Each structure stands twice: as C-alpha cells, then as structure tokens.
There are 2 protein chains.
Amino acid sequence: MRATRPRVTAGIGSPSRLVVLGFGGAVLLGTLLLALPVATENGTSAGVVTALFTATSAVCVTGLVVVDTATHWSTFGEIVVLTLIQAGGLGIMTLASLLGLLVARRLGLRLQLTTQTETKSLGLGEVRGVVLRVIAVSLAVEAVIAVVLTARFAARYDMPWGRAVYEGVFHGVSAFNNAGFALYADSMIRYATDPWITVPMMVAITVGGLGFPVLFEIGRRLRGRLGRWTLHARITLFTYAALTAFGVVAITAIEWANPATLGPLGVPGKLLVGAFHGVNPRTAGFNSLDVAQMSPASLLVTDFLMFIGGGSAGTAGGIKVTTFALLAFVIAAEIRGEPSVHVLGRRLSADIQRQALTVALLGVGAVAASTFVLLLITGFPLDAVLFEAISAFGTVGLSTGITASIPAGGQLLLVVLMFLGRLGPITLAAALALRERARRYELPEERPIVG
Amino acid sequence: MRATRPRVTAGIGSPSRLVVLGFGGAVLLGTLLLALPVATENGTSAGVVTALFTATSAVCVTGLVVVDTATHWSTFGEIVVLTLIQAGGLGIMTLASLLGLLVARRLGLRLQLTTQTETKSLGLGEVRGVVLRVIAVSLAVEAVIAVVLTARFAARYDMPWGRAVYEGVFHGVSAFNNAGFALYADSMIRYATDPWITVPMMVAITVGGLGFPVLFEIGRRLRGRLGRWTLHARITLFTYAALTAFGVVAITAIEWANPATLGPLGVPGKLLVGAFHGVNPRTAGFNSLDVAQMSPASLLVTDFLMFIGGGSAGTAGGIKVTTFALLAFVIAAEIRGEPSVHVLGRRLSADIQRQALTVALLGVGAVAASTFVLLLITGFPLDAVLFEAISAFGTVGLSTGITASIPAGGQLLLVVLMFLGRLGPITLAAALALRERARRYELPEERPIVG
Ligand SMILES: [K+]
Ligand SMILES: [K+]
C-alpha cells in the first residue's frame with residue numbers, strides 16, 4: 001500500500017459507490033417532481049412508472065420516452081426534464097473525469113485534466129478545477145448551439161422569440177448532453193433536410209460525445225500548448241472518427257433507395273439525413289427519419305454503433321470507443337503472435353486488457369439477458385427488442401417505436417438497463433482499476449480510460 | 001527455440017494449414033460426386049451451388065440443407081453424404097486431438113490422449129494410436145446406436161430389415177457426428193415422442209459432442225485407472241452439463257404452452273421434445289418440433305447454445321464450452337480483483353486468456369458480419385437470419401426454414417461460414433498456441449483446449 005492515498009477516497013470502491021448514490025438520488029428526486037400533477041399538461045399525475053422511466057431516461061441522458069415529451073408534460077415538467085438532463089450530463093462528465101484522474105494518479109500514469117502539478121493524490125482544488133472546467137465547457141458549447149438553433153427557429157420557422165429561445169436552449173442542451181429528448185413527437189423528422197438545425201446538433205453531439213479528457217487536450221492545443229497527445233486522446237479521436245464514418249456511409253448507402261426513409265429525398269437531403277443517422281447512434285438518439293421503417297441491415301449497423309457508444313468521461317454511453325479499440329488491438333496482437341500488446345508506441349498492461357474484456361462482455365450479457373426477458377414478456381420481434389435493449393443500455397434513445405407499448409415490468413427493466421448502461425461501464429472500470437495493486441514496470445506504459 | 005521440435009510440424013502454422021487443406025479437399029471431392037447426375041433421384045445434376053453447399057454441410061457436420069436429403073439425392077448421393085459426414089467427423093476429432101496434443105507437448109503440459117511416455121515430440125506411433133482410438137470409439141458408439149435405432153425402426157415402424165438397417169446406420173452416424181442430416185423432410189418430428197429413437201440419439205450427440213480428449217479420460221477411468229482428472233475434462237464436463245440443463249429447462253418452459261410446438265403434447269412428450277431441443281443446439285441440429293414455430297425467446301436461447309457449442313476435439317462446433325468457461329473465469333477473477341485467474345486449483349496463463357478472447361470475439365465478428373450481409377441480400381427478419389448464421393458458424397444445422405430460399409450468394413456465404421466455423425476456432429487456437437515462445441513459470445499451470 002502506498003503512504004499517500006488519494007484524499008477523496010474513503011475506501012476501495014467508494015468513489016464508484018458515491019457516483020451510483022448521486023445518480024440514484026437525482027433519479028428519485030426527478031421521479032418525485034415528474035409524478036406531481038403540475039408536471040403534466042392535463043394536470044393529473046403521470047403515475048410512478050412513467051415518472052420513474054422519464055426521470056431515469058433524462059438523468060441517464062438516454063432519451064427513450066413512454067409519453068410524448070411536448071404534449072404530455074407541462075412546461076414545468078419539460079423544465080424538470082431539461083434540468084435532469086443538464087444535471088445528468090454534467091454529473092457524468094465530472095464524475096467520470098474525476099474517476100479517470102483518480103485511477104491515473106493511483107497508478108502513477110499521465111492524464112491531462114488539470115494544470116496542477118501532478119501528485120499521487122487528488123486535492124480539493126483540483127476537483128473544483130475539473131468541475132468548473134466541465135461546467136464552463138458545457139455551458140459554452142450549449143450556448144453557441146442554442147444561439148444558432150434559436151436564430152434559425154425564429155428566422156425560418158416564424159417562432160416568436162420567446163418560444164425560439166426556449167426550443168433552442170432545450171435542443172442545444174439535449175444535443176450536447178447526448179440526451180436525445182426533443183419537443184416534437186417525431187423527434188427531428190420535421191427538420192430532416194434543414195442543415196441549419198441538424199448540423200449544429202451533430203456538432204454538439206460529437207463535442208459532447210468525445211468526452212471531457214479529449215476536449216481538455218484539444219483545448220490545450222488550441223491555446224498553443226503542443227505537448228504530446230495522450231494515448232487516450234489518440235485512440236478516442238481515431239476510433240470515434242472511424243466508427244462515425246462507417247455509420248454514415250453504411251446507413252446512407254443502405255437506406256439510399258428505401259421509399260420509406262431516404263428514397264424520396266434529393267441527394268443533399270439523403271446525405272444530410274444519412275449523416276445525422278450515422279452520428280446519432282453515438283449516442284444522442286435523435287432521429288430525422290422513421291426508425292421503424294429503416295431496413296433490418298441499418299438497424300443492425302445502428303445496434304453495433306449504439307453498443308460501442310462514444311468517448312469516455314463524456315455525455316455518450318455504450319461500452320466506449322476505447323474499450324472497443326483496446327479489444328481490437330489485443331486481437332490484432334494475438335493474431336500477429338506478439339506477446340505484448342503495443343498501441344501507437346505504448347504498451348497496454350495485462351490488467352487493462354482484462355478490464356476492457358470484462359466491461360464489453362458484461363455489456364453483452366446485460367443486453368442479451370434483457371433482450372431475452374423482453375422477448376418473453378412482449379410480442380415484438382427480435383430486431384425491435386434487441387434495438388430497444390441496446391438503445392437503453394447505450395443510453396441512446398433511438399427506438400423502433402415500441403417503448404410505450406412495453407408492459408410496466410419491461411419498462412422497469414429498461415429503467416434498470418439505462419441506469420446500468422450509464423453507470424456500469426464507468427464505475428466498473430474505475431472500481432476494477434482502483435483495486436489493482438501489484439504492477440510490473442517494463443516498457444513505457446499508458447492507460448486509456450476504459451468504460 | 002527448442003532442439004526437439006515436434007516431428008509432424010514442418011513450420012509454424014503448418015499443422016493448421018494441413019487441416020484446412022484436408023477439409024478443403026474433402027469438400028471439393030464431395031462437391032464433384034454430388035454434382036454427378038447419378039447422385040440425384042431424378043438423374044440430373046444438382047448444380048454446383050447445391051452440391052458444394054451439401055458437401056460442405058456434410059464434411060463440416062453441419063446439417064443445413066438446401067434440398068431435402070431423402071427425396072433429392074439418390075441412394076448413391078445419400079451414401080456420399082454419409083461418407084462425407086463420417087470422414088468429416090473422424091477428421092475433425094483426429095486432427096483436433098493431434099493439434100491439442102501437439103500444443104500440450106510443445107508447452108510441456110499434460111494432456112492424456114495416448115499411453116506413450118510423454119516426450120516433447122509427437123511420434124508416428126502416437127499419431128497412429130490417436131487415429132485408431134478415435135476410429136474405434138466412433139465406430140463402437142455408432143454401432144450401438146445404429147443397432148438400437150434399427151431394432152426400433154423394424155419392430156415399431158414395420159420397416160423391412162434392410163431399410164431399418166440403412167436408416168439406423170445413417171441416423172446413428174449422423175447423430176454421433178453431430179451432423180444433423182436426417183432422411184426425413186421433417187427431420188425427427190415424426191419420432192418426436194418416441195424415446196426409443198430420440199433418447200439414443202441424444203446419447204450419441206452428447207458422447208460425440210464432449211470431444212475425444214474427455215472420452216479418452218472417461219475410458220481410462222472406466223478401465224479403473226483413477227488418475228486426477230485434467231482441468232480440460234473437468235471444465236468441459238461441468239460446462240457442458242450446465243449449458244445442456246439450462247437449454248432443456250429454458251426451452252421446455254418457454255414452449256410448454258405454445259400450441260404450435262409443445263402445447264398439444266402430454267407431459268412426457270413435452271419433456272422429451274424439450275430435452276431433445278436442449279441437447280440439439282450443442283451442435284447436432286436435429287429437430288423434433290417445427291423450429292419456425294418456436295417463440296423468439298426460445299430461438300435466442302438456441303442462438304446462445306449454438307454459438308458456444310460443445311467440447312473441443314469432438315464432433316460439436318461453436319467456440320467450444322472451454323472457451324466460454326475460460327472467459328467467464330477471467331471475468332469472475334477480474335470482478336473479485338484477483339491478479340491471476342485460478343480455476344479449480346490451477347492457474348490460467350495470460351496467453352490462453354487472450355486466445356479465448358480472440359476465438360470468441362472473432363466468432364462474434366464472423367456471425368455479425370454474415371448476419372449483416374444476409375439481411376442486405378434477403379428479405380428475412382433478423383431472428384431468422386441471425387439463427388441461420390449462428391447455425392452455420394456453429395455447424396449446427398437447425399433452421400427456421402429459410403436456407404433453400406436464400407439467394408446463391410447468401411448460400412455461398414453460409415458455405416464459407418460453415419467452413420470457418422468448423423475449422424476456425426480449432427486451427428486459430430492451435431496456431432496461436434503453437435506460436436507462443438516465452439513463458440514464465442510461476443504456479444502449477446494447466447491448459448484447457450480452446451476452440
Ligand atoms: K441519448
Ligand atoms: K450439426
């Protein structure tokens with residue numbers, strides 16, 4: 001044991017427990033508020049299951065809904081949802097960043113998140129620094145996007161300015177936090193071919209989805225400090241870009257001539273909507289075409305992207321791009337017969353390989369078990385049910401439209417799956433890493449964030 | 001490098017290449033014979049795709065068919081199919097056993113397959129010993145099953161003795177080799193509630209599916225030599241039993257009241273057919289109910305069992321029960337925070353953990369990619385297509401009935417998938433293991449066969 005243990009930990013596993021309690025508390029408070037009669041448009045309580053589902057979906061920035069956000073909830077209810085999204089998004093970025101920093105410090109590894117001199121412990125000043133930076137970045141990006149959306153809503157769609165500001169802020173916050181909640185029953189279909197709406201949203205989704213550690217590094221570079229990129233940033237940026245490109249190309253190509261989706265659109269429209277549906281599974285969850293009408297092959301591509309998700313310590317869900325990339329590197333090394341796994345000039349320790357494996361396979365297990373239960377208790381076909389389970393686990397929020405028709409037991413299962421998908425990979429990876437003790441020092445080693 | 005290298009290897013990867021060439025040759029020869037006009041009932045050639053598909057399905061002991069075996073092929077054609085099954089089954093058991101032995105010898109580990117004094121090399125006498133034992137065990141089990149089936153066919157179904165012997169031998173060989181080919185268009189549905197037919201078949205499937213190394217150890221014990229069980233045998237027997245029990249219970253329970261499957265049957269019939277469908281995904285592929293009528297949840301359970309398959313170096317396919325169990329042990333160790341993975345008092349080396357990961361995830365990748373392509377080129381729903389892809393990869397042969405309707409391109413993809421599923425896990429694991437060089441010696445270590 002080291003003499004200087006990180007000051008914010010009271011014991012092993014404790015930071016992870018703190019995260020779970022914080023999110024659980026936010027969900028309960030949200031449920032309470034949304035169950036109030038004043039939260040609904042018609043003035044009668046939404047009921048516990050609907051309130052719990054919506055609160056979980058908002059705090060976990062998922063975006064699955066069992067009632068239409070705009071018509072079911074009152075303005076008070078909508079503001080509760082928006083506040084839960086903002087709290088959930090800030091919470092996950094802050095807590096995941098701090099957990100990542102704690103792991104890096106404990107293991108004596110490098111992770112640029114603060115400007116403090118690097119010590120083994122994590123001081124209160126640093127925690128405050130991370131929290132403030134996360135809030136500053138979030139509000140700045142959300143503000144820019146909200147301004148653009150507001151201007152477009154007012155100028156092109158003749159909304160009164162008050163309404164335009166409200167909808168601009170709501171969708172800007174929802175997009176940056178990868179929350180996927182929209183104030184329209186058809187999500188973004190009405191704006192499908194308007195690049196002034198969907199492009200800013202794609203930008204917000206991607207910035208939020210890369211994760212705070214990567215944003216922090218990009219910010220340092222933009223301010224002219226040209227240190228070496230960390231392994232985490234390089235893997236995240238490369239894998240995120242590659243998966244997005246794959247999603248955009250695959251979905252645009254598959255749906256190109258589908259008369260119920262991209263078929264009727266002109267080429268610019270096809271490209272814009274295809275891009276939106278390549279970006280949104282990572283894991284924002286807005287849709288600008290009818291997901292239920294997509295071809296089964298597109299749904300499978302979307303499943304794949306939703307399960308992997310985005311970058312660590314950001315607003316995206318899923319097992320995270322680093323987890324996926326690390327497993328690919330392990331397999332490549334194994335096939336090439338290399339005893340150690342080297343990535344971009346760095347060596348991956350055996351324990352992080354096992355952690356990536358654990359996060360990924362437990363994710364597969366959670367999705368498979370949930371799909372099995374949902375098949376048992378609903379009459380929906382496999383493609384719709386699997387899509388729903390991965391969407392909940394990956395905190396995506398896309399749906400083939402079955403969410404509201406799933407019986408209460410199944411909706412509660414989705415609640416558990418959203419919570420597990422939001423916090424499981426992060427806290428599991430951190431708990432696993434914080435518990436590691438004995439380590440060998442061989443080659444220069446770097447540790448991307450897993451989960 | 002060691003001075004005494006195994007004599008049967010000409011170079012690294014070479015034994016695996018030999019296996020692939022041998023199976024490829026058998027498939028080509030079978031295709032040639034089945035494309036002859038004399039092979040069909042109506043005397044015109046079946047065509048290259050159908051001949052290739054059937055030959056691959058037989059050699060890889062899969063059992064997927066694009067034409068009905070009994071009515072499409074002449075007796076000559078049926079005997080070609082039966083011969084290919086027997087050659088494929090013997091081939092896979094022999095070659096996988098020898099590869100396993102080669103790996104164990106090279107690494108200085110223990111694997112009881114011969115009675116020779118254990119040396120680092122693999123002599124011609126030992127190879128002959130393994131081959132003869134595999135043949136002896138196969139023919140003995142097949143003979144016993146064939147006798148029981150023949151007696152029942154003659155006594156209960158009034159078949160002439162010649163016909164009863166022919167059908168008894170055919171289904172005995174097909175069952176022991178986990179081939180799943182039947183001489184009836186409805187597979188075993190007509191015998192669904194006859195325990196004198198289905199129970200012997202389940203016994204044959206299980207004996208063949210455990211794998212030769214486990215059978216060899218059981219045989220030693222039956223002859224009174226009570227040495228310690230190897231880790232491989234203990235993991236295989238436990239996991240095989242646990243998965244079979246899960247399959248039987250889950251499928252019987254889910255289908256219990258389904259009017260299109262178990263519903264109309266009495267309790268003994270339900271239990272018998274349920275047991276048959278818990279055993280057959282491991283990976284024999286006979287069916288005694290209409291698979292297309294099974295509930296989606298049962299299909300998912302079957303997918304799970306088919307992907308994992310049976311024991312190594314046997315007639316079952318899939319990624320193998322040891323691969324699955326090893327990954328479960330790795331995850332359990334990771335969650336408990338243990339730096340080493342211990343299984344039943346032995347330690348698993350890091351390289352075998354990585355091999356299990358590689359075999360399993362490449363399997364997932366092959367199935368996912370094939371499912372994607374089949375969704376693109378057919379109009380079938382995800383559950384049917386995923387089932388078909390896993391059935392081909394796991395060399396199972398169960399189908400929801402779409403095989404014959406898949407376009408030629410898709411059938412050729414299934415041919416590749418059957419070949420890959422039959423040889424991929426085995427040769428990949430052996431090639432990976434044979435290439436390992438540097439190893440640390442810490443605790444007593446044992447190495448189950450992966451793939
Ligand atoms: K989302
Ligand atoms: K089979």
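**Labels and their grounds**

Author: Thr283(A) sits in the loop between helix 10 (267-279) and helix 11 (296-308) of chain A. Helices (H or I, at least four residues) and strands (E, at least two) are DSSP runs, numbered from the N terminus. This is a predicted model, in which local features need pLDDT of at least 70 and side-chain atom pairs count only at pLDDT 80 or more, while totals for chains, interfaces and linings use all residues. Residues are numbered from 1 along each chain as its sequence is written, chains are lettered from A and ligands numbered from 1 in the order in which they are written, and side-chain values use heavy atoms, leaving out hydrogens and water.

Reader: Why is Thr283(A) called buried?

Author: Buried means under 20% relative accessible area, exposed over 50%, partly exposed in between (1.4 Å probe, protein chains only). Thr283(A) has 0%, so Thr283(A) is buried.

Reader: Which residues is Thr283(A) in contact with, leaving aside its neighbours within four places in sequence?

Author: Contact means heavy atoms within 4.5 Å. The partners include Asn178(A), Met306(A), Ala316(A) and Gly394(A). The backbone oxygen of Gly394(A) is 3.5 Å from a polar atom of the Thr283(A) side chain.

Reader: What makes Pro213(B) count as buried?

Author: Its relative accessibility is 1%, and the limit is under 20%, so Pro213(B) counts as buried. Pro213(B) belongs to helix 8 (residues 212-222) of chain B.

Reader: How many helices and strands does chain A have?

Author: Chain A has 15 helices and two strands. Of its 451 residues, 61% count as buried.

Methods. Polar contact = N/O pair within 3.5 Å; in protein donor to acceptor, adjacent residues only side chain to side chain.
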